[in-house]
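Open the model in your viewer and keep the sequence beside it. The stops below say what to select and what is there.

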Amino acid sequence: MLAIAYTAASLTSHTALFHDDGLYLATAESLVAGDGYRIASLPGQPPQTKYPFLYPAMLAALWRWPAVFKPLSAICTALWVWAVWTLARRNGLDAQRAAWVSLAAVAGRWALFIFTAVLPDALFCALSTVALLHLMNIEDRSPPSRWWFWPALAAIECGAAFLTRTVGAALILAGLVALGSRRRIREALLFGALAGAVCLPWIAWQRSQPAPQDPVLAYYSKASYQQGSLLTQPGLDRKAAVLGVNAAMLGSSFHVLVNTPFGWVGAALGLVLLIPLAIETTARLRAMSAAALWLVISMLVLAGWLGPPFRYVLPVLPIAAIFVALRLREWPRASLALATLVAIASLTTLVGAAKSLHAGRPVSWMPAELDDPAATARLYDWIRRNTPSDAVLAANNDPQIHLETHRPAIRLFASDNFELLYSNHGGGVGTADDLIENLDRHHVRYLLLTPMNGFAEGAAFRRILPQVASRCPGRFALRYQDREPGYAIIEVAPVCEPSSSPQTPPGIPASFSRSVETRPPAHRYRGATASPIQSSSSPYSRPSPTPAPSL
C-alpha cells in the first residue's frame with residue numbers, strides 16, 4: 001500500500017513546492033537554454049553556486065520528458081529501499097527485521113514528500129548507501145588480487161553523492177577513517193584521490209565565483225553555507241542556543257521522520273530508543289565501522305547547522321534503525337512493539353496522503369496542508385494575462401512563479417536563520433527598512449501574497465509587511481484578490497505616492513489591510529481554467545487531473 005501511495009504521489013503534476021525543488025528546475029532550465037550553470041528564475045540569472053551539478057544536469061537531460069522527473073525520484077527510492085534491506089542483512093539482521101527497517105525509512109510524511117518531489121534526496125540516499133555497502137566490502141574482506149576495484153567503485157559513488165549534495169563529504173571522511181584504521185593504506189589513498197578528483201570540478205566552480213554581497217541573493221548562493229554554520233555565530237550564548245535546539249531536534253528525528261503516532265508518547269519512545277542506539281554506535285565506533293562513522297559525522301555536521309535537520313537525517317536513519325534493531329534482538333516483545341509502531345505510522349501516512357491526493361492537493365511533509373494549488377494557479381493565471389513579460393515578481397516560492405509565468409522572480413527575505421529559528425524575537429526575514437531596500441534594489445513590480453503554509457518565514461514576513469506599507473501606503477495597490485483568504489497580488493509603484501483614502505478593499509489579508517492603497521482591484525478572479533499548480537503553458541509540466549473549482 002505504501003508503494004501505491006508513492007506511485008500516486010509521483011504521478012501528480014504538483015512540483016516546485018519546497019522552494020529547493022523549484023531552484024533545481026530553474027537551474028536545469030538555464031542548462032537547457034545554453035546559458036550555463038545559472039539560476040534562470042532570478043533577475044539577472046546569477047551563477048548557481050549553492051547546489052552541485054549532478055541532479056540539475058540529469059533534469060536538463062530529461063527536460064523534454066518532464067513527466068519522468070518525479071517518477072525518477074520514486075525509482076531512486078526503490079533502489080534505496082533495496083540497499084537499506086541489503087545493509088540490514090549485512091549487519092546481521094534477519095529478513096523480517098530488515099524489512100521493518102526498510103519500511104521505517106520510507107514510512108513517514110517527510111519521506112513520502114521528499115522522495116516523490118523533484119529533489120535530489122532519493123538519488124543521494126541511493127548513491128551513498130550503495131557506496132557504504134561497497135566500503136563494507138573492503139572492511140570485511142582480505143585484499144583480493146584486484147584490490148583496487150572496490151575502493152575505486154566506492155570513491156566514484158561517494159563523489160557522485162557529493163555532486164548531488166555536498167553533505168556527501170561526511171561519507172568520504174568516514175570511508176577514509178575506516179580504511180586508514182584498518183591499515184588499508186593503498187586502498188585509502190586510492191579512495192581519497194579518486195573521490196577528490198570527482199568532487200574537484202564543483203569545488204573549483206564554487207571558488208571561481210564570487211559570493212554576492214546582496215543579503216537576498218546570498219540565500220541562493222554559496223554564501224548560505226557560511227551563514228548557516230555554527231562557527232560564524234558570534235558569542236557563546238548564540239552557539240549554545242543553536243546546539244541546544246539542534247540536539248532536541250536531532251533527538252526527536254525518529255518521531256518526526258517515522259511519523260510515530262500518539263503524540264508525546266511516540267516522541268518519548270523515540271527518545272528512549274536513543275539508549276540502544278548510543279550503545280550500539282559506541283561499540284561500532286570502537287571497531288571503526290564506516291556505517292557508525294558516517295552516522296556520527298553526519299550528526300555532528302547537523303548539530304552545527306542552522307536549520308531543521310530532519311530532511312538531512314533521512315539518509316542515515318536506516319543506520320540508526322539497524323543499530324537499534326540489533327540491540328533489541330534479545331527482547332522479542334520490544335521488537336514486536338516497535339514494528340507495530342512503524343506499521344501504524346505508515347498507515348497514518350497513507351491516510352494523510354490519500355486525503356490530500358483525493359482533494360487534488362499535494363502531499364505535505366507536515367500534518368497541515370500546503371498552500372492551496374488551485375488558489376496559486378489562479379494567481380499565476382492572472383500574472384500571465386495582466387503583467388509585462390519582464391516584470392519582476394516577489395513571493396515566497398519564487399522559482400515556481402517563474403516556471404509557471406516565465407517572469408523573473410525573487411524572494412525578498414534578508415534571511416537570518418538564527419533569528420528565524422533559535423530566537424524568540426519574531427524576526428528572521430529582515431526589517432521593514434530591509435524589505436523597502438530590497439524592493440528597490442531588485443525593481444520588484446508585483447508582490448504575490450500566499451499563506452506560506454509550511455514555511456517558518458511566513459509569520460515573520462506578515463509582521464513586517466504592514467510596517468512597510470504604512471511608511472509609504474501610496475506605493476502599494478491591490479490588483480488581484482482571490483476568493484480564498486490569504487491569496488492576493490499587490491502592484492508596487494517605483495516611487496512613493498500618498499494614499500487618497502483610508503479605506504481598504506475587502507478581502508485583503510489582515511496583515512496588509514490597514515496599509516494598502518484603496519484603488520479597486522484591476523481584476524477579481526471568478527473562476528479557474530488553469531489546473532492546480534501547473535498550467536499548459538509551463539515548459540515542464542502536464543495538466544493536473546483535478547481541475548480547479550469555480551464559483
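Start with the cysteines: the structure holds 0 disulfides, a disulfide being a pair of cysteine sulfur atoms within 2.5 Å. Select C125, which is in no disulfide; the nearest cysteine sulfur, in C76, lies 9.7 Å away. C125 has 1% relative accessibility and counts as buried. Buried means under 20% relative accessible area, exposed means over 50%, and partly exposed is in between (1.4 Å probe, protein chains only).

Next select C199 and C158. The sulfur of C199 has its closest cysteine sulfur in C158, at 8.5 Å, which is too far for a bond. C199 counts as buried too, at 5% relative accessibility.

A note on the source: this is a predicted model, in which local features need pLDDT of at least 70 and side-chain atom pairs count only at pLDDT 80 or more, while totals for chains, interfaces and linings use all residues. Residues are numbered from 1 along each chain as its sequence is written, and side-chain values use heavy atoms, with hydrogens and water left out.

Now zoom out to the whole protein. Colour by secondary structure to find 25 helices and 5 strands; these are DSSP runs numbered from the N terminus, with helices (H or I) of at least four residues and strands (E) of at least two. The protein has 551 residues, and 57% of them count as buried. Among contacts with a separation of 6 or more, 73% are between residues 24 or more positions apart; contact means heavy atoms within 4.5 Å. The accessible surface is about 22,600 Å², and carbon and sulfur atoms hold 64% of that. Such areas come from the Shrake-Rupley method with a 1.4 Å probe; for residues, only the protein chains shown count as cover.

Select the strands. In what order do the 5 strands stand in the sheet? The order is β2-β1-β3-β5-β4, in an open sheet with mixed pairing; two strands pair if DSSP finds at least two bridges between them. At the edges are β2 (409–410) and β4 (476–481), each with a single partner strand, so one side of each has no neighbour in the sheet. Strand β1 (residues 392–394) runs parallel to β2 and is joined to β2 by 2 bridges. Here A394 stands opposite I410 of β2.

Last, select L269, V272, I275 and I279, which make a nonpolar surface patch of about 340 Å². Helices α15 (264–272) and α16 (274–286) each give two or more residues to this patch. Like charges are joined within 9 Å, and nonpolar side chains (Val, Leu, Ile, Met, Phe, Trp, Tyr) within 5 Å. L269 sits in helix α15.

Terms used: Patches are made of residues with over 30% relative accessible area and no salt bridge: like charges are joined within 9 Å, nonpolar side chains (Val, Leu, Ile, Met, Phe, Trp, Tyr) within 5 Å. A salt bridge is a side-chain nitrogen of Lys or Arg within 4 Å of a carboxyl oxygen of Asp or Glu.
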